[in-house]
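Please keep the sequence and the model in view while working through the points.

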Amino acid sequence: ADLLSVIERGHDLHSSKPRAVSLSQTTEWGAVYQPAEIAAVSELARAHDLALHMDGARFANALAALSVRGASAADITWRAGVDVLSLGGTKGGLNTTEAVVFFDSELAAQFDYRCKQGGQLASKMRFQSSQWVGVLENGAWQRHAAHANAMAAKLAAALPAVPEVRLLRPVEANAVFADMPPRLAQAMAREGWHFHRMGKAGYRLMCSWATRPQDIAHFAADLARL
């Protein structure tokens, strides 16, 4: 309903004309779009002649979360109506590389030139691209994401033991949102821990492919001590 209100808002020559809907999977709030939800957005976009783009900086984490329920990468992309996927690499441990996957080939027309115009044509692109061969062929992109999700679940399980800390939303992938007194957050920062305040959503604690169980234990111990 919110999306429809934006689409149907008056768009004249003094405003930008909508051409695409973009979903972040996972979202900045750590939520994961389910296949049916993506399909519903796609249906609305199609009805208004809009393309559907998916910002998948953390797509691997979403897929790792949904695959345990039987969903495949296809189920949450082209089968659900996604036209273009920005497939994240850097958040999965790759170095300065993202992939763009076009499910609608017509939208890829002259994309190579757009990359050059946008300053995204590296002089040694093959060294960036070769990383994808490795992680896709041996499944590392999914192992890394599943590990990050597991560390987030482990962190979420440890936080309630600290009296002044409470979870603010369910953990769906690799993000944990928690509330704590500002003085405690500041004390943790002095200990060298870095996390971001997301307004009323609380503090966002992100786990990555490189997060270790001992990191979670150390973080929880510092919280309890402080």
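1. Burial and basis of the model. Of the 226 residues in the protein, 37% are buried, where buried means under 20% relative accessible area, exposed over 50%, and partly exposed in between (1.4 Å probe, protein chains only). This is a predicted model, in which local features need pLDDT of at least 70 and side-chain atom pairs count only at pLDDT 80 or more, while totals for chains, interfaces and linings use all residues. Residues are numbered from 1 along each chain as its sequence is written, and side-chain values use heavy atoms, with hydrogens and water left out.

2. Overall form. The protein contains eight helices and eight strands; these are DSSP runs numbered from the N terminus, with helices (H or I) of at least four residues and strands (E) of at least two. Along the principal axes, the C-alpha trace spans about 55 × 45 × 35 Å. Among contacts (heavy atoms within 4.5 Å) with a separation of 6 or more, 64% join residues 24 or more positions apart.

3. The largest nonpolar core. A nonpolar core is a set of buried Ala, Val, Leu, Ile, Met, Phe, Trp, Tyr and Cys residues joined through side-chain atoms within 4.5 Å. The largest has 30 residues, of which V21, I38, L52, F59, L87 and W141 touch the most other members. At least two residues of this core come from each of β1 (20-24), α2 (35-47), β2 (51-56), α3 (59-67), β3 (84-87), α5 (125-137) and α6 (140-158). The greatest contribution, six residues, is that of α3. In soluble globular proteins, nonpolar side chains tend to be buried together.

4. L87 and the second core. Beyond its neighbours within four places in sequence, L87 is in contact with G56, F59, E98, A99, W132 and W141. A second, separate core of 20 residues includes A156, L159, V176 and L223.

5. Two buried loop residues. Where does A173 lie? A173 is found in the loop between β5 (166-167) and β6 (175-179), and it counts as buried because its relative accessibility is 3%. Residues up to four places away in sequence aside, A173 touches T26, G30, V32, N61, N149 and A152. T26 is found in the loop between β1 and α2 and is buried, since its relative accessible area is 4%. With neighbours within four places in sequence left aside, the contacts of T26 are A31, V32, R58, A62 and A173.

6. Sequence and space. A173 and T27 are 146 residues apart in sequence, and their C-alpha atoms are 9.9 Å apart in space.
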